[in-house]
Amino acid sequence: MSTTSKVASTNGATAVAGGKPSRIGAGAQWADERLGLAGLAKKNLRKVFPDHWSFMLGEIALWSFVVLLLTGVFLTFWFNPSMVEVEYQGSYAPLRGSYISEAFNSSLHISFEVRGGLLVRQMHHWAAHLFIASMMIHLLRVFFTGAHRKPRELNWVIGSLLLLIGTLEGFTGYSLPDDLLSGTGVRAADGFIKSIPVVGTYGSFLLFGDEFPGTAIIPRLYIIHVLLIPGILLALVAAHMLLLVYHKHTQWPGPGRTEGNVVGFPMLPVYAAKAGGFFFVVFGVTALMGGLMTINPIWMYGPYDPSKVTAGSQPDWYMGWPDGLLRIMPGWEFEIWGVTFPFNVFLPIIVVPGLMWTILMLLPFIENWITGDKREHHLLQRPRDAPTRTALMVSLMTFYAMAWIAGGNDIIAIRFDLSINQITYFLRAAIFIGPLIAFMITRRWCISLQRHAKEQALHGYETGIIERSPDGAYSERHLPLPEAKQVVITAREGDRLPELEPGTDANGVRKPGSRTDGLRGRLSKLWFADNVQPPTQAEIEAAHHHHDGAHELEGGSSADDDHVTLTKGH
């Protein structure tokens with residue numbers, strides 16, 4: 001008895017016919033044929049990301065934003081953005097029978113009646129603080145390490161916009177409960193808008209829909225908070241991540257790492273597993289903070305009343321520095337042609353913060369123009385490797401810190417029994433002098449660290465072993481740096497002054513734009529002034545050859561001399 005069977009072979013005349021695909025496989029094939037997702041996914045899911053603890057700062061910002069979205073969706077189910085007054089009949093006895101707005105009533109309902117409502121509301125508030133704080137620190141890490149340079153200038157601008165819009169998002173959300181403290185902030189915002197010359201009163205009336213406080217500000221802030229700004233943030237976050245993938249992630253110098261490669265872990269499965277685990281860490285920490293640390297107890301403040309102000313009221317910390325500028329600003333106010341120009345409010349609240357954010361966004365372009373650096377950079381720098389850049393950011397941080405401290409001048413005066421006037425006068429001077437002092441100290445510090453790093457690269461590190469030569473001289477034995485540390489020092493590129501054309505032509509006539517080039521030349525010399533250049537390979541080899549020769553000589557002499565000793569330094 002014989003049977004006949006068909007055998008499929010890979011080297012036969014006919015191709016192998018696969019079995020009927022599953023429904024999932026058929027759907028994936030249908031989508032791939034029309035969208036080309038398989039090739040795109042294969043390329044990007046195997047993309048390599050470097051690993052370093054400082055990179056987690058951006059991840060904290062990303063996952064805090066995800067926590068904000070999740071908790072925000074939960075809160076929208078019960079929050080009622082209405083300013084219509086109702087009689088409170090909830091479980092919080094001290095306010096029972098009071099007439100409050102629907103917004104405040106629903107906030108109390110979430111806090112006391114909704115199961116888990118207070119936890120989620122406090123998680124939402126803490127996540128907002130983490131989101132803004134991690135963005136600020138991430139922005140500083142990017143700038144200090146040179147990750148903002150070409151080709152990532154646009155990503156720096158997007159990150160700066162995320163910080164600005166995230167701050168506005170925090171303010172709008174902080175104002176929604178319509179309690180006395182947040183209402184005081186809204187009233188301050190009304191004054192800020194009205195300080196804009198000519199158009200300020202029209203802008204206030206447009207936003208509030210009537211004279212302050214009106215009946216429309218909470219519903220309008222709600223739409224801005226849950227729809228407009230989140231949409232912008234989502235778009236900016238998506239653009240930020242796409243540019244990150246497109247440009248590839250920066251990495252720290254090290255063995256095998258160059259400007260043309262990335263050493264790290266692939267997206268799947270390693271990096272995705274680590275990032276997913278880190279999301280649960282951020283979520284868990286936020287949940288612990290929301291459950292154990294009270295924030296914004298609106299029931300203690302009570303409903304908003306335009307005739308009252310909470311004693312010792314302070315804005316959230318990220319709005320503290322404009323408030324501090326407002327407190328130390330002299331009372332400059334002018335009237336021209338019947339129009340009042342309240343510079344005492346307009347300058348510290350509108351002009352200076354706007355100027356600071358403009359400078360922040362333009363920093364990569366300003367640095368690029370001064371240095372004339374047109375190269376692409378994928379290796380990071382230590383802050384000491386760019387002293388002027390580091391000192392510039394520290395000076396901006398000092399300005400921010402002085403303004404932020406000024407935001408609590410009344411609290412400082414009360415706690416330390418000091419004169420609030422003396423504190424204000426001191427901060428008026430410190431906000432200008434402090435950044436200059438910080439710039440000079442930071443720059444000299446970085447240059448000293450550069451000099452120390454070069455000495456280590458050339459002569460090695462101190463071992464603590466003291467040697468005495470035959471002639472009685474003492475010296476300390478040095479050993480070469482480990483390869484990883486040596487690479488970090490030698491991987492730094494030397495400074496290059498921009499090549500500028502002469503300011504005049506062959507006939508001695510000044511060229512157009514020569515004054516700008518002259519300014520750029522002077523600034524570039526100041527930018528690189530006193531920098532210690534990294535050691536060249538020839539210098540390192542010469543230093544090591546001299547070092548080895550000296551040890552051989554000392555070793556040979558010590559064999560014939562009974563008075564050579566080695567002692568361990570303490």
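Visitor: Is R444 buried, partly exposed or exposed?

Guide: This is a predicted model, in which local features need pLDDT of at least 70, side-chain atom pairs count only at pLDDT 80 or more, and totals for chains, interfaces and linings use all residues. Residues are numbered from 1 along each chain as its sequence is written, and side-chain values use heavy atoms, with hydrogens and water left out. Buried means under 20% relative accessible area, exposed over 50%, and partly exposed in between (1.4 Å probe, protein chains only). R444 has a relative accessible area of 40%, so R444 is partly exposed.

Visitor: Which residue meets R444 in a salt bridge?

Guide: Side chains of opposite charge can pair when their charged atoms come close. A salt bridge here is a side-chain nitrogen of Lys or Arg within 4 Å of a carboxyl oxygen of Asp or Glu. For R444 the N to O distance is 3.3 Å, and the partner is D530.

Visitor: How many residues apart are R444 and D530?

Guide: R444 lies in helix α16, while D530 lies in the loop between α18 (514-528) and α19 (537-559). Helices (H or I, at least four residues) and strands (E, at least two) are DSSP runs, numbered from the N terminus. The pair links distant parts of the chain, and the separation is 86 residues.

Visitor: Which strands are tied together by the salt bridge between R477 and E467?

Guide: The closest N and O atoms of R477 and E467 are 2.3 Å apart. R477 is partly exposed at 25% relative accessible area, whereas E467 is buried at 7%.

Visitor: What is the distance between the closest N and O atoms of K308 and D305?

Guide: K308 is partly exposed, with 47% relative accessibility, and D305 is also partly exposed, with 26%. These residues form a salt bridge, and the distance between their closest N and O atoms is 4.0 Å.

Visitor: Which residues form the nonpolar patch on the surface?

Guide: Patches are made of residues with over 30% relative accessible area and no salt bridge; like charges are joined within 9 Å, and nonpolar side chains (Val, Leu, Ile, Met, Phe, Trp, Tyr) within 5 Å. Accessible areas come from the Shrake-Rupley method with a 1.4 Å probe, and for residues only the protein chains shown count as cover. With about 800 Å² of accessible area together, the patch is formed by F432, I433, L436, I437, M440, I441 and W445.

Visitor: How many aromatic pairs does a search of the whole structure find?

Guide: Rings of Phe, Tyr and Trp (its six-membered ring) pair if their centres lie within 6.5 Å; planes under 30 degrees apart count as stacked, over 60 as edge-to-face and the rest as tilted. Ring pairs link W63, F279, F280 and F283 into a cluster. The search of the whole structure finds 18 aromatic pairs.

Visitor: What is the angle between the planes of W317 and Y318?

Guide: W317 is partly exposed at 26% relative accessibility, whereas Y318 is buried at 5%. Their rings lie 5.8 Å apart, centre to centre, in an edge-to-face pair, and the angle between the planes is 80°.

Visitor: Which residue has a backbone oxygen 3.3 Å from a polar atom of the side chain of Q251?

Guide: Q251 is found in the loop between α9 (217-247) and β4 (265-266). At 1% relative accessibility, Q251 is buried. The backbone oxygen lying 3.3 Å from a polar atom of its side chain belongs to T258.

Visitor: What distance separates the C-alpha atoms of G290 and R121?

Guide: G290 lies in helix α10 (residues 267-292) and is buried, with a relative accessible area of 2%. G290 and R121 are 169 residues apart along the chain, and the distance between their C-alpha atoms is 7.7 Å.

Key. Polar contact = N/O pair within 3.5 Å; in protein donor to acceptor, adjacent residues only side chain to side chain.
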